[in-house]
Each structure stands twice: as structure tokens, then as C-alpha cells.
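Me: I would like to go through a protein model with you. Could you take my questions one at a time?

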Amino acid sequence: MINSLQIEGFRNISHTLLKFTKGICLFNGPNGAGKTNLLEALGLFSLGKSCRGSKDKAMVGFDRKLAEITAEIAGQKKKSISQSG
């Protein structure tokens, strides 16, 4: 289980830290708020590739040199991945 997810400079998400608990998590918000980008970041962290087939450079936020996704997984040390633009 993922306990927390921190995203820096990924697409339109400049910085966010999410903490999860057991059960179902729902994300809602208006169009363009970053819901799909959040799920893409989670998939990129989990699978090592984008579910959208994007190139690395396209995933790095505007005016950023690096995007970083860090997750804390139950029973493991924190792990992170980075993409450069």
C-alpha cells in the first residue's frame, strides 16, 4: 500500500504531498485541475512509464528542469524517480 505520494514539477503539479489511509481514495475537481496528471504520476512511479505514452520532456512542468515523484510504501523505505526535461 502506498502511504504517501509527493510530486514536484510534474506537468501542472508544482508541488503536492498526499497521504493515504486504508480504503478508497477519490479525487475530484474541475477540468484542468490535475486529476489525470496525478494518476499518471502514480502510474509512472508504479510502472516506470507513462500510461499516456508521453516523452519524458513532456512530463516536466513548464519552466522546470526536473520532475520528481516520491512515494512511501508500507514496509519499504521511501523511493523516488526523476524525469528531466
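Me: What percentage of the residues of the protein chain count as buried?
Reply: This is a predicted model. Of the 85 residues in the protein chain, 29% count as buried.

Me: And how many helices and strands are there?
Reply: The protein chain has two helices and four strands. Their order along the sequence is β-β-α-α-β-β.

Me: What is the radius of gyration, and what would a compact globule have?
Reply: The protein chain has a radius of gyration of 12 Å. A compact globule with 85 residues would have a value near 12 Å, so the two agree. Along its principal axes, the C-alpha trace spans about 35 × 30 × 20 Å.

Me: Let us turn to one residue. Where does Glu68 lie?
Reply: Glu68 lies in strand 3, which covers residues 66-73.

Me: Is Glu68 buried, exposed or partly exposed, and why?
Reply: Glu68 is partly exposed because its relative accessible area is 28%, and that class lies between the limits of 20% and 50%.

Me: What separates the C-alpha atoms of Glu68 and Ile7?
Reply: Those C-alpha atoms are separated by 5.9 Å, although Glu68 and Ile7 are 61 residues apart along the chain. Across the protein chain, among contacts between residues at least 6 apart in sequence, 50% join residues at least 24 apart.

Me: New topic: what about the accessible surface?
Reply: The accessible surface of the protein chain comes to about 5,900 Å², and 52% of that belongs to carbon and sulfur atoms.

Me: And how many charges are there?
Reply: The protein chain has 13 positive and 6 negative charges, and the mean positions of the two groups are 4 Å apart.

Key. Residues numbered from 1 in each chain as written. Predicted model: local features only at pLDDT ≥ 70, side-chain atom pairs only at ≥ 80, totals over all residues. Heavy atoms only, no water. Rg over C-alpha atoms; globule rule 2.2 N^0.38 Å. Buried < 20%, exposed > 50% of the residue type's maximum accessible area, 1.4 Å probe, protein only. Contact = heavy atoms within 4.5 Å. Areas by Shrake-Rupley, 256 points an atom, 1.4 Å probe, with all protein chains shown as cover. Lys, Arg positive; Asp, Glu negative; His and termini not counted. Charge placed at Lys NZ, Arg CZ, Asp CG, Glu CD.
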